[in-house]
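Welcome to my notebook. I jot down here what I look up, one entry at a time.

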Amino acid sequence: MTHDPLNLLQRPRRNRKHPAIRAFVRETSLGPEHFIYPLFIHAGDDDVPIASMPGCARLSRKGLLAEVEAARAVGVNLVALFPAVAESLKSPDGREAWNPNGLIPATIKALKDRWPDLVIVTDVALDPYNSDGHDGIVAPDGRILNDETVEALCNQALCQARAGADIVAPSDMMDGRVQALREALDGESFIDVSILAYTAKYASAFYGPFRDALDSAPKSGDKKTYQMDPANAREALREAELDEVEGADILMVKPAGPYLDILAALRRATHLPLAAYQVSGEYAMLKAASERGWLDEKRVVLESLLGIRRAGADVIFTYFARQAAEWLTGARK
């Protein structure tokens, strides 16, 4: 069938007709340098698989070193550590969080001894150490105590900085904690330790597998008095403004996928670098659908990460970090 061409001055498809053209007009890049690899650790001698997160485990010291080495081999040089703490070490005030001989400080030192150039991000929050399972200290009437918690978080961040952490990442959502952490760190001359603030951390249903991994779910109540309401967008801009004024170096949106609108709004509102956390529920959904043959794992994972980058993230916390980097570098077909 033949016909006369349409009289079109603009044909956007001309910029899609060849791989070389598509490459030079591509607006968003994705590489191993854009990933932070969250890793679960515990004090045991064996790696313990996490049923709700296929491919992830609570790592022993030996397992952690092997995983970090494999990640570095494909260009991932930023890791975030999350501890599974024995129940016997948990307390209402979470004081194990600033034990200089605890799991996190000891792990930081071991990693830095092996790879001095490895960038280590640490979580600043009490929920792994709190016998109540909350990010903050719980009052007898069930309220989460803001100011008392901030004091504890400063102790925790200082402990991590002394051990060699490069970036501390408060995930607690207490008011005023960024300024308090900056003042505490600077007061001990840790002026080069960065603060990556969980700026817009929502009270999301997508965190379930993470809490399974660390056994850190609240014993009672929920986290809605400190984590953000999923219905709110403008509130995220207020939190971002406060964190920036208080001295944050990087701002975070968590979760990533269901909150790309929030990420894009923060990108328009700030000149600071932005992080986004592709959380455990997002990971679990993609893994489960891929294992059932309903989705092409490589394609959907890389597309999901590219979407997060396109929305404005400079760096992405993702449990797919090593796997995605292998695909991007050709180490895994």
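**Entry 1: a lysine and its partner**

Is Lys223 buried or exposed? I looked it up in this model, which is a predicted one. Lys223 counts as buried, because its relative accessible area is 6%. Next I asked what its side chain meets, and I found a salt bridge with Asp127, at 3.5 Å from N to O. The two sit in loops: Asp127 between β5 (119-124) and β6 (137-138), Lys223 between α6 (208-214) and α7 (234-246), so the bridge ties together parts that are 96 residues apart in sequence. Asp127 is buried as well, with a relative accessible area of 8%. I then noted that this pair belongs to a network of salt bridges, in which Asp127, Asp135, Lys201 and Lys223 are linked.

**Entry 2: other salt bridges**

How many salt bridges does the count come to? I got 18. I picked out Lys112 and Asp166, whose side chains meet at 2.8 Å, N to O. Lys112 belongs to helix α3 (residues 103-114), while Asp166 is in the loop between α4 (146-163) and β8 (167-170); the pair links distant parts of the chain, 54 residues apart. I checked the cover on each partner. Lys112 counts as buried at 17% relative accessibility, and Asp166 counts as partly exposed at 24%.

I also wrote down Arg162 and Glu188, which form a salt bridge at 2.6 Å, N to O. Arg162 is in helix α4 and Glu188 is in the loop between α5 (177-187) and β9 (194-201), so this bridge joins parts that are 26 residues apart in sequence. Glu188 is partly exposed, with a relative accessible area of 35%.

**Entry 3: charge on the surface**

Which residues gather in a patch of positive charge on the surface? My list reads Arg11, Arg13, Arg14, Arg16 and Lys17. I took Arg13 as my example and placed it in the segment before α1 (19-25). Arg13 counts as exposed, because its relative accessibility is 66%.

**Entry 4: cysteines**

How many disulfides does the structure hold? I found zero. Cys159 is buried, with a relative accessible area of 5%. I looked at Cys56 too, and at 13% relative accessibility Cys56 counts as buried.

Met173 is not a glycine, yet its phi is positive, about 65°. I located Met173 in the loop between β8 and α5, where it counts as buried at 5% relative accessibility.

Ser189 has a positive phi too, near 65°. Ser189 is placed in the loop between α5 and β9. Is Ser189 buried or exposed? I have it down as exposed, because its relative accessible area is 59%.

Where is the cis peptide bond that I noted? It runs from Lys254 to Pro255, with omega near -5°. Pro255 is found in the loop between β10 (250-254) and α8 (260-269).

Methods. Residues are numbered from 1 along each chain as its sequence is written. This is a predicted model: local features need pLDDT of at least 70, side-chain atom pairs count only at pLDDT 80 or more; totals for chains, interfaces and linings use all residues. Side-chain values use heavy atoms; hydrogens and water are left out. Patches are made of residues with over 30% relative accessible area and no salt bridge: like charges are joined within 9 Å, nonpolar side chains (Val, Leu, Ile, Met, Phe, Trp, Tyr) within 5 Å. Accessible areas come from the Shrake-Rupley method with a 1.4 Å probe; for residues, only the protein chains shown count as cover. A salt bridge is a side-chain nitrogen of Lys or Arg within 4 Å of a carboxyl oxygen of Asp or Glu. Lys and Arg count as positive and Asp and Glu as negative; His and the chain ends are not counted. The place of a charge is taken as NZ of Lys, CZ of Arg, CG of Asp or CD of Glu. Helices (H or I, at least four residues) and strands (E, at least two) are DSSP runs, numbered from the N terminus. Buried means under 20% relative accessible area, exposed over 50%, partly exposed in between (1.4 Å probe, protein chains only). A disulfide is a pair of cysteine sulfur atoms within 2.5 Å.
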